[in-house]
Amino acid sequence: MAQDNFSRVTEFILLGLSDTQELQLLFFTFFLLAYSMVLLGNLLIIVTVRTDPKLSSPMYFLLCNLSFIDICYTSVTIPRVLVALLSGHKAIAFEGCMAQLFFLHFVGSSEMFLLTVMAFDRYTAICRPLHYAAIMARGACWALVAACWVGGFIHSIVQTVLMLQLPFCGPNTIHSYFCDVLPVTRLACADTALTEWLMASNSGLISLGCFLVLVASYALILAKVRAHIAQGHWKVLSTCASHVMAVTLLFMPCIFTYLRPAGTLPTSRYVCVIYTIFSPMMNPLIYTLRNSEMKESMWRLWKRCRA
């Protein structure tokens with residue numbers, strides 16, 4: 001049947017995390033606290049790195065960009081969730097849903113690429129220290145960050161174009177708190193098997209590929225420092241451990257969610273909380289509480305603000 005014969009859906013209904021009205025206040029409090037922590041924690045990292053000349057290394061430049069991405073990433077979904085929980089209005093226009101889907105994957109995939117670049121930075125610093133300054137020069141860092149954003153845009157535009165080709169004639173109820181490829185694809189009035197496989201190949205393979213590169217890089221770092229732990233490399237090991245924690249929080253739920261067609265397994269809406277809220281919320285804690293230089297710089301910033 002031609003797509004023009006369908007009565008096109010003009011809006012979707014986002015059911016959120018629960019259909020129970022009594023839990024709305026609890027979820028509103030959780031989302032508000034989480035978003036506040038993301039904003040305050042990541043803004044603090046950005047201000048600290050930008051104002052302290054001692055934090056001029058490529059690692060902190062990349063960390064500053066990661067904080068900016070986390071702010072953008074959570075801002076795509078959480079503010080609208082807060083408004084919906086407060087007002088009870090759960091409808092989102094079709095165009096708004098597609099825009100949310102586009103920016104979610106744009107920023108999310110850019111973060112995956114950036115975490116891969118951060119792992120490459122640590123690998124170069126530890127395994128090739130004599131060439132580190134030349135490889136990770138400021139121009140190269142800017143080029144790598146730009147490549148992350150370009151890669152995220154290409155990934156996201158492919159997902160969005162595939163979604164816009166589908167006809168939507170009803171139902172229009174999404175069992176989630178944001179628009180994503182899997183729950184929206186299930187609402188299409190057409191055979192979506194090919195589209196599902198293409199989307200799984202796109203999002204899923206990007207998640208899996210970046211994760212495998214990250215695991216390989218940290219394995220090489222671990223092999224490098226294992227023989228030198230007694231010579232003061234515990235700090236390196238601690239830094240890598242914090243990076244692995246951040247990587248696991250983001251990649252494992254994404255791999256579980258996207259590396260399969262939409263209809264093979266039921267997707268828990270609570271799994272999405274891990275990579276859309278919990279991971280960005282934990283990143284500031286992981287990258288600051290386990291980093292003595294960041295804590296010292298924040299303390300100096302605090303003293304300057306009080307002076």
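This is a predicted model: local features need pLDDT of at least 70, side-chain atom pairs count only at pLDDT 80 or more; totals for chains, interfaces and linings use all residues.
Is the crossing of helix 3 and helix 7 left-handed or right-handed?

1. The crossing of helix 3 and helix 7 is left-handed.

2. Two packed helices are described by the angle between their axes and the distance between the axes. For helix 3 and helix 7 (residues 193-226), the angle is about 15° and the axes lie 9 Å apart. Helix 3 and helix 7 are therefore roughly parallel to each other, since angles under 35 degrees count as such.

3. On the side of helix 3, the contact with helix 7 includes His105, Met112, Phe113 and Arg122. Helix 7 contributes, among them, Ser203, Ile206, Cys210 and Lys224. By class, the residues of this contact comprise 15 nonpolar, 5 polar and 2 charged.

4. Helix 3 covers residues 94-127, and at 1.5 Å a residue its 34 residues should span 50 Å. The end C-alpha atoms of helix 3 are 49 Å apart, which agrees. Of these 34 residues, 26 are buried, so helix 3 is largely enclosed by the rest of the structure.

5. Helix 7 also packs with helix 5 (residues 138-164), at an angle of about 165° and with the axes 10 Å apart. Helix 5 is therefore roughly antiparallel to helix 7, and their crossing is left-handed.

6. The contact of helix 5 with helix 7 is made by His155, Val158, Gln159, Leu162 and Met163 of helix 5 and by Thr195, Leu198, Met199, Asn202, Ser203 and Ile206 of helix 7. It has 6 nonpolar, 5 polar and no charged residues.

Terms used. Residues are numbered from 1 along each chain as its sequence is written. Side-chain values use heavy atoms; hydrogens and water are left out. Helices (H or I, at least four residues) and strands (E, at least two) are DSSP runs, numbered from the N terminus. The expected span of a helix is 1.5 Å times one less than its number of residues. Buried means under 20% relative accessible area, exposed over 50%, partly exposed in between (1.4 Å probe, protein chains only). Axes are lines fitted to C-alpha atoms, for helices over the stretch in contact, and angles run from 0 to 180 degrees between N-to-C directions. Angles under 35 degrees count as roughly parallel, over 145 as roughly antiparallel, 65 to 115 as roughly perpendicular and the rest as oblique. A crossing is left-handed if the near helix is turned anticlockwise from the far one by less than a right angle, and right-handed if clockwise. Contact means heavy atoms within 4.5 Å. Ala, Val, Leu, Ile, Met, Phe, Trp, Tyr, Cys and Pro count as nonpolar, Asp, Glu, Lys and Arg as charged, and the others, Gly among them, as polar.
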